[in-house]
Amino acid sequence: MEIVCGEWTNPPSGRSRKGEAKLIIRGLLIGVLVLVAGAFWARRRYVVVTVDGMSMAPTLTDGDRVLVRRRRIDQVGQDDVVVLEPPSDTAGRYTPGPPGADGRLWNIKRVAALPGDPVPPGIAAGDGVARVPSGTLVVLGDNPDSVDSRQRGFFPADRLLGVALRRLGGPAL
C-alpha cells in the first residue's frame with residue numbers, strides 16, 4: 001500500500017481499501033481465536049498453586065506461588081515436587097488447613113518413592129510392606145516437621161494434580 005500526501009492510493013495489485021480492511025479484520029479475528037485456543041490449552045495443562053504452610057521450607061514458603069503442570073503418576077519422577085490430595089485421616093490425628101478455592105485440600109510435597117520402589121525407612125507403611133504398592137507414592141516435605149508419608153503412609157496416586165515446575169518469579173524447582 002502506498003501513501004501519497006496523506007491520501008491512500010490503490011495498491012499495485014488493484015485491491016481496494018475495502019478489501020484491505022477485510023483482510024485486516026480477518027487477520028485480527030484469527031489472531032484472537034489463536035489466543036483464546038492457546039489460553040484454553042494452557043489452562044488444561046497448567047495450574048498456579050499458592051503454598052499455604054511451611055512443610056516444604058526452605059524450598060517453598062508460605063505465600064509462594066508455584067506453576068504446576070498436570071501429570072499422571074507414570075509421568076512423575078523421584079525428587080519431583082508434586083501437588084496432591086492427602087489420604088483420608090480416619091483417626092482424626094491431623095488437622096487439615098482450609099480447603100482451596102475448588103473445595104479440595106491439597107498438599108505440596110517431594111516424591112520419595114514411586115510404585116514398586118522399596119519403602120524408605122521411617123514411612124508409616126504397615127507391617128511387612130517392603131515395596132510401594134501400585135497406585136500409591138511416598139511423599140515427604142522438605143521441612144522435618146512436615147506431616148507426610150512418615151505419619152500418613154502412602155498417598156494415592158489417583159489424587160495427584162501435577163508436578164511443580166517453578167516458583168513464579170523464581171528459579172525452577
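Residues are counted from 1 along each chain as its sequence is written, and side-chain values use heavy atoms, with hydrogens and water left out. Since the model is predicted, local features need pLDDT of at least 70 and side-chain atom pairs count only at pLDDT 80 or more, while totals for chains, interfaces and linings use all residues.

So how confident is the predictor? That's pLDDT, its confidence in each residue, from 0 to 100. The chain has a mean of 84, and 84% of its residues reach 70 or more. Residues 1-6 are below 50, with eight contacts in the model beyond near neighbours in sequence; a contact here means heavy atoms within 4.5 Å. Where pLDDT is low, the predicted coordinates should not be read in detail.

Now the sheet. Strands are DSSP runs (E, at least two residues), and helices are too (H or I, at least four), numbered from the N terminus. In what order do the seven strands of the open sheet come? Going across, you read β3-β4-β9-β5-β6-β7-β8, with antiparallel pairing. Two strands pair if DSSP finds at least two bridges between them. At the edges sit β3 (46-50) and β8 (155-156), each pairing on one side only. If strands are new to you: they pair in a sheet through backbone hydrogen bonds, either parallel or antiparallel.

Let's look at one pair. Strand β5, residues 81-84, is joined to β9 by three bridges, and the two run antiparallel. Leu 84 has Leu 160 in β9 as its bridge partner.

Next, the record. An unreviewed UniProt entry lists "domain: Peptidase S26" for residues 30-119 and 130-164. UniProt positions are given in the numbering used here, feature names are shortened, and annotations may be inferred rather than shown by experiment. In the model, residues 130-164 are 11% helix and 34% strand, and the end C-alpha atoms lie 28 Å apart.

Is Lys 109 buried or exposed? Buried, because its relative accessible area is 3%. The cut-offs are under 20% for buried, over 50% for exposed and partly exposed in between, using a 1.4 Å probe and protein chains only. Not counting residues up to four places away in sequence, Lys 109 touches, among others, Asp 80, Gly 141 and Asp 148. Gly 141 is also one of the residues Ser 55 touches.

Last stop, Asn 107, also in β6 (residues 107-113). Asn 107 counts as buried because its relative accessibility is 17%. Beyond four places in sequence, its contacts include Leu 84 and Arg 152.

Definitions and conventions:
pLDDT = per-residue confidence, 0-100.
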